[in-house]
Amino acid sequence: MLASVSVGCGDAGELEGAGSTPTAISPDRLWPDLTPAASPAFDIGEVDTKVVKGVTVPGGDIRKADPVAVVRAEIAADPGDYSAGAYDETARRMADCGKSGTAGTRCPVLKAYYRDLTGDGREDMTLGFRQLPGNLTAVRVYTVRGDRLVQVMSYEDAVSGVELAGRSVIIRAPSEVAGYEYRLQWTWDQQQHAMLLTHDEMLRTGSGRKDSSHPSASVSATASGPPSGPAVPSSSASGR
């Protein structure tokens, strides 16, 4: 009896093989004689930040900055982007912001969210607004320096979802490949004092659907790389 108990315990504690392990293959370096580039091909403003003119932050409390006023300041600073043939409907609908009833629902400014993304112990503001006509949503992140509102991240796309996680903003955008979507992540960089595009990937959603919407061809962000997919940078934008 003791012998059989001993054998049983031994069997329970033994390791079992998980199968053969694939052989590790080192990467092959292509074109070793190619002269390495010393400077970027595109000036995409990876760490561009800017003070929002005309909007102050009394007491450094970012919740006292009116999101509608922030969007109006952007429109005033870039009138060409919100003129006829561009996002002129956004500019027109700004007149509906603050109205009650059905008229108020036409306001293109979305709810603002507040979270400390910079790690300084104070809340920052993540703001979204529709760029109309069309299917684009602008996503912006603002922080406070003194009594000034500073934009530290900017991006536009055909957005299907936005999340805040830790010090990061994660944006999901539809892909023309059935069952896949783009996921882009901006993370606060303490050295650059801006949010940098740290992940840009195409992932399977498991839905297997065919999405007819096309990611934005007009993108501007504070961090990115040259285009590798449908989205194309305009001033300082996406890496895909």
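**Notes on the predicted model**

1. Strand E7 (residues 168-174) and E8 pair in the antiparallel sense over seven bridges, where two strands are said to pair if DSSP finds at least two bridges between them. Helices (H or I, at least four residues) and strands (E, at least two) are DSSP runs, numbered from the N terminus.

2. On the basis of the work: this is a predicted model, in which local features need pLDDT of at least 70 and side-chain atom pairs count only at pLDDT 80 or more, while totals for chains, interfaces and linings use all residues. Residues are numbered from 1 along each chain as its sequence is written, and side-chain values use heavy atoms, with hydrogens and water left out.

3. The protein chain has four helices and nine strands, and along the sequence these follow the pattern α-β-α-α-α-β-β-β-β-β-β-β-β. Of its 240 residues, 39% count as buried, buried being under 20% relative accessible area, exposed over 50% and partly exposed in between (1.4 Å probe, protein chains only). The accessible surface of the protein chain comes to about 13800 Å², of which 53% belongs to carbon and sulfur atoms; accessible areas come from the Shrake-Rupley method with a 1.4 Å probe, and for residues only the protein chains shown count as cover. Among the contacts in the protein chain with a separation of 6 or more, 47% are made by residues 24 or more positions apart, a contact being heavy atoms within 4.5 Å.

4. Returning to the pairing of the first point, four strands form an open, antiparallel sheet in the order E6-E7-E8-E9. Strand E6 (161-165) and strand E9 (194-204) stand at the edges with a single partner strand each, so one side of each is left without a neighbour in the sheet. From one strand to the next the twist averages 20°, with axes taken as lines fitted to C-alpha atoms (for helices over the stretch in contact) and angles running from 0 to 180 degrees between N-to-C directions. E6 and E7 pair in the antiparallel sense over five bridges, and Ala-165 has Ser-168 as its bridge partner in E7. In the hairpin of E6 and E7, two residues lie between the strands, and Gly-166 takes a positive phi near 60°.

5. Strand E3 (residues 124-131) deserves a separate look: seven of its eight residues are buried, so the strand is largely enclosed by the rest of the structure. Strand E2 (residues 113-115) and E3 pair in the antiparallel sense over three bridges, and Arg-115 has Asp-124 of E3 as its bridge partner. E3 and strand E4 (residues 136-145) also pair in the antiparallel sense, over seven bridges, with Gly-128 opposite Val-139 in E4. These two strands, E3 and E4, form a hairpin with four residues between them, and Gly-134 in the turn has a positive phi of about 125°.

6. Which residues does Glu-74 touch, not counting residues up to four places away in sequence? They are Tyr-82, Phe-129, Arg-140, Tyr-142 and Gln-151. Glu-74 is found in helix H2 (residues 67-77), and it counts as buried at 10% relative accessibility.

7. The structure holds two aromatic pairs; rings of Phe, Tyr and Trp (its six-membered ring) pair if their centres lie within 6.5 Å, with planes under 30 degrees apart counted as stacked, over 60 as edge-to-face and the rest as tilted. Tyr-82 and Tyr-87 form a tilted pair, 5.8 Å centre to centre with 55° between the planes, and both residues are buried. Tyr-155 and Trp-186 form the other, also tilted, at 4.8 Å centre to centre and 50° between the planes. This pair links distant parts of the chain, with Tyr-155 in strand E5 (residues 148-157) and Trp-186 in strand E8 (residues 180-189), 31 residues apart. Tyr-155 is buried with a relative accessible area of 0%, and Trp-186 is likewise buried at 0%.

8. The count comes to one disulfide, defined as a pair of cysteine sulfur atoms within 2.5 Å. It is formed by Cys-97 and Cys-107, with their sulfur atoms 2.0 Å apart, and the link is right-handed, with 80° about the S-S bond. Cys-97 lies in the loop between helix H3 (88-93) and helix H4 (101-104), and Cys-107 in the loop between H4 and E2, 10 residues apart. Cys-97 and Cys-107 are both buried.
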